Amino acid sequence: MKIDLTETNSSKINAALVKARRDIGTPAIGMVLTLVIVTDEENAYDALKSANDASHEHPSRIVVVVKRVSRSPRSRQGARLDAEVRVGADSGTGETVVLRLHGELVDHAQSVVLPLLLPDAPVVVWWPDGAPTDLAGDPLGALGQRRITDTYACEDPIGALGTRAAAYAPGDTDLSWTRITPWRSMLAAALDQQNLSVTSATVEGEAQNPSCELLAMWLADRLQVPVTRTLSSGPGLTAVRLETKDGAIVLDRADGALATLCMPGQPDRAVALKRRDTAELLAEELRRLDPDNTYETSLKFGVSKLRSPDAAAPAKPEATSEAPAEAAPKPKPAKKAAAK
């Protein structure tokens, strides 16, 4: 069921939600959280589709905030709110409210969103693109216990990691970090089986991919060893190599779907390591609403050392850049990597 409201307000939107639930015969609210999506018209459809898919695992009220840019000074001085209410089959397993803000109301979006939040339920704010510099300090971001961004969608993804680290607050997270969860789990499990000390590591992936940088910083932070970042044609993260005294542990994924795990003294094995879509990444992030301390330490570990692979690459056919663990005379023996 869809209800269009023109030049409306939050009270009328709430009344429309109640009426829609009664009309379809589900007056009770069975949602576990409120997901606020801050986006523009260009990205609104894809973001809403991913949120609806994720709602099958996490039934939620989805509030989409679309800030419409006014073209004339007169229209910028006015304020208008248009809304679309979706309940039932048109909104996944929860409720959806699409808000289109015009004029001065664009700068006061939190005043519109606040009355639409589910009572006594967590709030998650997601910026698919165009996230503010300070997530927790943003008026909409301040409403959420969890704030999700995606540095991969930024114009300068590697530079955006430094921005995220400088303004980090508990509850911030990034889908670029979520993308490497299977890699971190696989590498941690491999070290648990081998019980070996890692002396150095290499992370291979495409240029300007923040997931590769985050994985390199996680390894350097956890293992306290030098980490080398090498470039490949992708897709995304393609290989990780951990050097030990008994040989190398290699996790290689050349096609973006199936990886090969090689460990000293054991036969090579194929492991599923496919590239996941946005809905799967979002569903994973909604499973936990507490601060991600592992993400925080990894993000802050190498921010001052981060540099573009292109700028750091030597004049050789294979470009490389190094991200040392710490400015220490000699790396300490490595400990096991801990999964998220």
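A residue is called buried under 20% relative accessible area and exposed over 50%, with partly exposed in between. Cys-154 has 30% relative accessibility, so Cys-154 counts as partly exposed. Cys-212, with a relative accessible area of 0%, is buried. The number of disulfides in the structure is zero. The model in which these values were computed is a predicted one.

For the chain as a whole, 49% of the 340 residues count as buried. The secondary structure consists of 11 helices and 15 strands. Contacts can also be sorted by separation in sequence: among those between residues at least 6 apart, 72% join residues at least 24 apart.

The next element to trace is a sheet. Eight strands make up this open sheet, with mixed pairing, and their order across it is β1-β4-β5-β3-β2-β6-β7-β8. The edges are held by β1 (2-5) and β8 (172-174); each has a single partner strand, so one side of each lacks a neighbour in the sheet. From one strand to the next, the twist averages 15°.

Strand β2 (residues 33-39) and strand β6 (residues 123-126) run parallel and are joined by four bridges. Thr-34 has Val-123 in β6 as its bridge partner. A helix also packs on the sheet: α1 (residues 10-23) touches β1, β3 (60-67), β4 (79-87) and β5 (95-103). The direction of α1 makes about 15° with that of β4.

The last stop is Ser-176. Where does Ser-176 lie? Ser-176 is part of helix α6, which covers residues 175-178. Is Ser-176 buried or exposed? The relative accessibility of Ser-176 is 0%, and the limit for buried is under 20%, so Ser-176 counts as buried. Which residues does Ser-176 touch, leaving aside those up to four places away in sequence? The residues touched are Asp-150, Thr-151 and Tyr-152, together with Pro-210, Ser-211 and Leu-214. The side chain of Ser-176 also makes a polar contact of 3.5 Å with the side chain of Arg-179.

Technical notes:
Residues numbered from 1 in each chain as written. Predicted model: local features only at pLDDT ≥ 70, side-chain atom pairs only at ≥ 80, totals over all residues. Heavy atoms only, no water. Pairing = 2+ DSSP bridges. Helix = DSSP H or I, 4+ residues; strand = E, 2+ residues; numbered from the N terminus. Axes fitted to C-alpha atoms, helices over the stretch in contact; angles between N-to-C directions. Contact = heavy atoms within 4.5 Å. Buried < 20%, exposed > 50% of the residue type's maximum accessible area, 1.4 Å probe, protein only. Polar contact = N/O pair within 3.5 Å; in protein donor to acceptor, adjacent residues only side chain to side chain. Disulfide = S-S within 2.5 Å.
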